[in-house]
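Hi,

Here is the structure I promised to pass on. Have a look at it first, and then read my notes below.

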Amino acid sequence: MTATQAGGSPTGTPSTSWTARTRNRLSRVVPEGQVLPDRQPAYMSSWIYVFGVLTLAALIVVIGSGVILAIGGATWWHVSSTGHFVNSLHLWSVELFFAFMVIHLWGKFWMAAWRGKRALTWMTGVLAFLGSIGTAFTGYLSQTNFDSQWISGQAKDGLNSVGIGAFFNVLNPGQMLLWHVALLPLVLGVIVLLHVVLVRRHGIVPPIDADEEDAR
C-alpha cells in the first residue's frame with residue numbers, strides 16, 4: 001500500500017485533508033481498546049457499577065418507544081390498544097430511567113467520581129440529569145389529557161414569574177410536543193454521548209480506597 005493509499009501525501013508527509021485530521025482526532029479521543037473493552041477491573045463486580053448501564057438501557061427503551069409514539073401520532077395512544085401499550089412502555093421506561101439514574105448519581109457522588117481528572121465526566125452526568133428533568137416535564141405536558149392540562153395550569157404561574165413564560169409557553173401543547181420529541185432529546189443525546197465518551201477515555205472511577213493505577 002502506498003503512502004497516498006494510506007491517507008498520506010505522495011511524498012510520505014502527513015495528509016492535511018479534513019478527513020485525515022478528523023480520523024486522527026477521533027483516534028485520540030478514546031485510548032485504543034477502551035471503546036468496547038472485553039476486560040474490566042475486579043472492583044466493578046460491585047452492584048453500584050451496574051446502575052450506569054441500567055440507565056443507558058432504560059434510555060434506549062425510552063427512545064425506541066418514543067419513536068414508535070411519534071410515528072403513530074399525538075392521538076394514536078388514546079384510541080389504539082397497541083398505542084396504550086407503547087405509551088405505558090414509554091412511561092415506565094422513563095420511571096426506571098430516573099430511578100436508575102438517581103441511584104447512579106448518588107453512588108458516584110459518595111465515591112467522589114470526579115477524582116482522577118474526571119471532573120468533566122461528573123459535570124456532564126449532572127447536566128444529563130438536569131436535561132432529563134426538562135425532557136420528562138415536556139413529556140407530561142404532551143400527554144393531551146387532563147393530567148397535562150392540570151400540570152401546565154399549575155406550572156404556568158411559576159414559569160411566568162421568572163420571566164421564561166414568553167418563549168416557553170407550557171399552555172401551548174404543540175410547542176411542548178416539539179420541545180419533547182425534537183429539541184430536548186437532541187440536546188440530551190449529545191450530553192449523554194459526551195458523558196459515555198469521557199467515561200471510556202478516563203476509565204471507570206475506582207473505589208476511594210483503590211489504587212488509581214489498578215483502574216488502568
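Arg-118 lies in the loop between α4 (81-110) and α5 (119-141); helices (H or I, at least four residues) and strands (E, at least two) are DSSP runs, numbered from the N terminus. With a relative accessible area of 2%, Arg-118 is buried (buried is under 20%, exposed over 50%, partly exposed in between, with a 1.4 Å probe and protein chains only).

Before you go further, please note that this is a predicted model, in which local features need pLDDT of at least 70 and side-chain atom pairs count only at pLDDT 80 or more, while totals for chains, interfaces and linings use all residues. Residues are numbered from 1 along each chain as its sequence is written, and side-chain values use heavy atoms, with hydrogens and water left out.

Now to the pockets. The largest pocket holds about 980 Å³ of space. For the method: on a 1 Å grid over the protein atoms alone, a pocket is an open set of points where a 1.4 Å probe fits, with protein on both sides within 12 Å along at least five of seven lines, and lining residues have an atom within 4 Å of a point. A volume is the space filled by probe spheres set on the points, which are joined across faces, edges and corners. The largest pocket has 36 lining residues, and Val-62, Gly-66, His-90, Val-94 and His-180 lie nearest its centre. Two or more lining residues come from each of α2 (51-72), α3 (76-79), α4, α5 and α7 (173-202), and α2 gives the most, with nine. By class, the lining has 22 nonpolar, 14 polar and no charged residues (Ala, Val, Leu, Ile, Met, Phe, Trp, Tyr, Cys and Pro count as nonpolar, Asp, Glu, Lys and Arg as charged, and the others, Gly among them, as polar).

The second largest pocket holds about 740 Å³. Its lining has 33 residues, with Gly-52, Val-53, His-104, His-195 and Val-199 closest to the centre. Here α2, α4, α5 and α7 are the elements that give two or more residues, and the lining divides into 21 nonpolar, nine polar and three charged.

How many salt bridges are there? The count comes to one, taking a side-chain nitrogen of Lys or Arg within 4 Å of a carboxyl oxygen of Asp or Glu. Lys-156 forms it with Asp-157, the closest N and O atoms being 2.9 Å apart. Lys-156 is partly exposed at 28%, and Asp-157 is partly exposed at 48%.

Finally, the structure holds 13 aromatic pairs; rings of Phe, Tyr and Trp (its six-membered ring) pair if their centres lie within 6.5 Å, with planes under 30 degrees apart counted as stacked, over 60 as edge-to-face and the rest as tilted. Trp-47 and Phe-51 are edge-to-face because their planes stand at 90 degrees, with the ring centres 5.7 Å apart. Trp-47 is exposed at 56%, whereas Phe-51 is buried at 14%.

Best wishes
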